[in-house]
There are 2 protein chains.
Amino acid sequence: MPANIKDVARLAGVSSATVSRVLNGSAGVRTDTRDRVMAVVRQLNFAPSAVAKGLREGRSGIAGVCVPDISSLFFMDVVKGLENTLALSDYRLVVCDSQNQAKKERENCRWFLSGGVDALILIGPMMEQSALAELADMGTPIGIFGRRMDHPNVTSVAVENRVTAYRATEHLINHGHRKIAFITGIPGVTDGDEREAGYREALAQYGLPFQPDWVQVGNFTEEGGIRAFDTLLALPDRPTAVFTANDEMAIGVLTEARRCGLSVPEDIAVVGFDNIRLARLVAPALTSVNQPRMDAGFRLAQNLVQRMNGSADPERIVLEADLVIRQSCGCKWST
Amino acid sequence: MPANIKDVARLAGVSSATVSRVLNGSAGVRTDTRDRVMAVVRQLNFAPSAVAKGLREGRSGIAGVCVPDISSLFFMDVVKGLENTLALSDYRLVVCDSQNQAKKERENCRWFLSGGVDALILIGPMMEQSALAELADMGTPIGIFGRRMDHPNVTSVAVENRVTAYRATEHLINHGHRKIAFITGIPGVTDGDEREAGYREALAQYGLPFQPDWVQVGNFTEEGGIRAFDTLLALPDRPTAVFTANDEMAIGVLTEARRCGLSVPEDIAVVGFDNIRLARLVAPALTSVNQPRMDAGFRLAQNLVQRMNGSADPERIVLEADLVIRQSCGCKWST
DNA sequence: CGCCGACTTGAAATCGATTACATCAATATC
DNA sequence: GATATTGATGTAATCGATTTCAAGTCGGCG
């Protein structure tokens, strides 16, 4: 339906080659011809088809991003970091939502690759490692946030989950807690698994017995946190503190605790992971592990831009994370 | 870099036409040929170029969405609604972030259109009406959330801003407030303007004088809300209640009030607009106007799908919104 | 007057996939 | 045994833009 280059050529009485030259500012077009063509371009409100252009030039100027959930504040911060950096090199960022389904994620990624994106970025990928490797084999530069991957075509950025989770658990132990529960994400997603490992390690280090009942599966969502917390509450031997694999679930714990008449941190202490924007806004404000996600996006984008230039190789970047202390853990000196 | 159909054809010892037939499941290919081709397809991990396909078929199967801010919870709910509905008709949704810049929004939209999307959806558009009309003239079906527009190619969905804002203001008046401030969004964005109109109308109706100082410009962000509220606090005659054009700004008011040692709703009552997820999570929980945004996304997507089939015309949809009463307005019977 | 070079412009190939049409072989039919 | 029919496959045009190469026009200069 929209006008194409031939329409413009016909109306301006020139060939499509000339129109193309005018549009791309190539030299060697007479001024009056240029003016005549531009007049028609404006009249038709013509814009050259990015599809045809991409096909011809073999370069789209697009970086595709797959996110598991487009309404996740946490992931969107990473996207913002990517966006700002990629925009500097004139790449456009387009985002697809995988709705927390590994299948959709695979489809979106394949579609991006077949659509000729110049780079593909996966945020918190859910698909299996082998499926990921298959995508990486296709040759387009790939970036991953939130999972470490050893592949000659993948730049990955992840935080030091294990060590940081260890410290967060340690923090609760130092508050005198002996019965500390952990709410996991989706088993198999490395991020959550590593955090659980850090939690277990801290318990072991401090000689606290590991209680299988105190590890409940959430699914990184508020609802998952609520369900997992309900299970914990029903236990004969209730924990006095909960550490969750992400903030969404911690917020679930907070709201469910309020609903059950438990006060945080007096009856139950809560520590989250991610430090999303909500963490400082909820009541009580949530103590959480801060992931430098804007920075992560920046580092990832930077490396990808260089890879597209051919001026850098894939990297494996590991970032430090730190505990932001607020009210939910029971610290007196909280902000 | 990725394999193309000719590579497959060569390796399988057939023509590209046969490969295409195999890939699209067309009849009239011998079983052994089909198997041979499929073996090569799997071996090369081949996926047909969506670019070339789109160019040839004149249909991309994509709906493009432009959002002003990809980390806005409110807008993303609308996107979710769109996504679910469009997925049923096998359209893929791709999202571009305009980073609250009208210029980027225009660029993204033009790029989407030149990229051959089958439909373009603008969420809370910031660009001028004339620029919007220019896009609409290009022929691709357009959907808009959050602004009413009369154009033969635009389906728009918006809530009844004026009436609802009137009711929200009325609610504060019924609580005994006489000095009610309003924090606007970005002047020129119809949504915010209409809400302001409703606010003024309520004041007039109840015989309360309109105080220009009590209307402060925010920009739909938390920071904007904070700045506007600071200005209000510095006034010789301080308001006792604040109504904001969206929740983000209301949350700014809430945090700033806490920082200044003012308690909500005792010292200052607050009512927001949008009922984002944060509204029920902040302390005190925010009374806010609920926009049925999933439903909005659903209605918008539904009409667009029909328009793409050619089985419907553009519509102007107006939805009802209702006030969700929580704690920040000072109601005793709050949830 | 004729030739050369500079400057404009157009014709045609190209990118990767789809598809109408042509071709060819093998079988069926009289 | 010659021809019609069916089935399987290849050839080439097409989508819209870019770009190389060729061709055309014009002026200048001998």
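Student: What does the secondary structure of chain A come to?
Tutor: Chain A has 13 helices and 12 strands. Both are DSSP runs numbered from the N terminus, with at least four residues (H or I) for a helix and at least two (E) for a strand. This is a predicted model, where local features need pLDDT of at least 70 and side-chain atom pairs count only at pLDDT 80 or more, while totals for chains, interfaces and linings use all residues. Residues are numbered from 1 along each chain as its sequence is written, and chains are lettered from A and ligands numbered from 1 in the order in which they are written.

Student: Why is chain A called more spread out than a compact globule?
Tutor: Its radius of gyration is 25 Å, well over the 20 Å that the globule rule gives for 335 residues, so chain A is more spread out than a compact globule. The radius is taken over C-alpha atoms, and the rule is 2.2 Å times the number of residues to the power 0.38. Along its principal axes, the C-alpha trace of chain A spans about 85 × 40 × 35 Å.

Student: At what angle do H5(A) and H13(A) pack?
Tutor: About 40 degrees, with the axes 7 Å apart; H13 covers residues 293-309 of chain A. Axes are lines fitted to C-alpha atoms, for helices over the stretch in contact, and angles run from 0 to 180 degrees between N-to-C directions. That makes H5(A) oblique to H13(A), as angles under 35 degrees count as roughly parallel, over 145 as roughly antiparallel, 65 to 115 as roughly perpendicular and the rest as oblique.

Student: Switching topic: how many residues does each chain give to the contact between A and B?
Tutor: Chain A gives 41 residues and chain B gives 41 residues. Two residues are in contact if their C-beta atoms, placed from the backbone, lie within 7 Å. Among the elements of chain A that each supply at least two residues are helix H5 (73-88) and strand E2 (92-97).
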